[in-house]
Amino acid sequence: QVQLVESGGGLVQAGDSLRLSCAASGRTFSNYAMGWFRQAPGKEREFVAGINWSGLNTYYADSVEGRFTISRDNAAITVYLQMNSLKPEDTAVYYCAADAVYYRSFPPRVAHDYPVWGQGTQVTVSS
């Protein structure tokens, strides 16, 4: 059973940067796509970014395109989310998620395609 542990969240000001990390354990990490989602109070969980097993293909939500970058280090079994130019509307709990399909060419963009989730890390951006 794979386990995911997020870290790197915190309280920052608008315009600042943060890097989230998601450390995986328990199965062969490099075979699966990974994704980042977020959930703000009173809102549904939404897709933020995804990366396929090789790291060559990525997807981003329109709201973060050009500001956030997802990457992975398969040797370190970790996926990252570099968040630049943060805005107050980026405030949310951020979750890392793992796919269950081998070698998917493109990462899924819907939550139900990710069966494994981390516990989340809070990101708060003040104006």
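**Figure 1. Arg38, Glu46, Arg67 and Asp90 are linked in a network of salt bridges.** A salt bridge is taken as a side-chain nitrogen of Lys or Arg within 4 Å of a carboxyl oxygen of Asp or Glu. The model is predicted, with local features requiring pLDDT of at least 70 and side-chain atom pairs counting only at pLDDT 80 or more, while totals for chains, interfaces and linings use all residues. Residues are numbered from 1 along each chain as its sequence is written, and side-chain values use heavy atoms, hydrogens and water being left out. The structure holds four salt bridges.

**Figure 2. Arg38 forms salt bridges with Glu46 and with Asp90.** The closest N and O atoms are 2.6 Å apart for Glu46 and Arg38, and 2.9 Å apart for Arg38 and Asp90. Arg38 lies in strand E4 (residues 34-39) and Asp90 in the loop between strand E8 (78-83) and strand E9 (92-98), so the pair ties together parts that are 52 residues apart in sequence. Strands are DSSP runs (E, at least two residues), numbered from the N terminus. Both Arg38 and Asp90 are buried, whereas Glu46 is partly exposed at 35% relative accessibility; buried means under 20% relative accessible area, exposed over 50%, and partly exposed in between (1.4 Å probe, protein chains only).

**Figure 3. The side chain of Arg67 reaches a backbone oxygen.** Arg67 occupies the loop between E6 and E7 and is buried, with 10% relative accessibility. Its side chain lies 2.9 Å from the backbone oxygen of Ser85.

**Figure 4. Arg104 and Asp99 form a salt bridge.** Their closest N and O atoms are 2.7 Å apart. Arg104 is partly exposed, its relative accessible area being 24%, while Asp99 is buried at 0% relative accessibility.

**Figure 5. Trp53, Tyr102 and Tyr103 form a nonpolar surface patch.** Together these residues have about 350 Å² of accessible area, calculated by the Shrake-Rupley method with a 1.4 Å probe, only the protein chains shown counting as cover for residues. Patches contain residues with over 30% relative accessible area and no salt bridge, nonpolar side chains (Val, Leu, Ile, Met, Phe, Trp, Tyr) being joined within 5 Å and like charges within 9 Å. Trp53, in the loop between strand E5 (46-51) and strand E6 (58-60), is partly exposed at 31% relative accessibility.

**Figure 6. Four strands form an open antiparallel sheet in the order E1-E3-E8-E7.** Strands pair if DSSP finds at least two bridges between them. Strand E1 (3-7) and strand E7 (68-73) stand at the edges, each with a single partner strand, so one side of each has no neighbour in the sheet. Five bridges join E1 to strand E3 (residues 18-25), where Ala23 is the bridge partner of Val5.

Methods
Polar contact = N/O pair within 3.5 Å; in protein donor to acceptor, adjacent residues only side chain to side chain.
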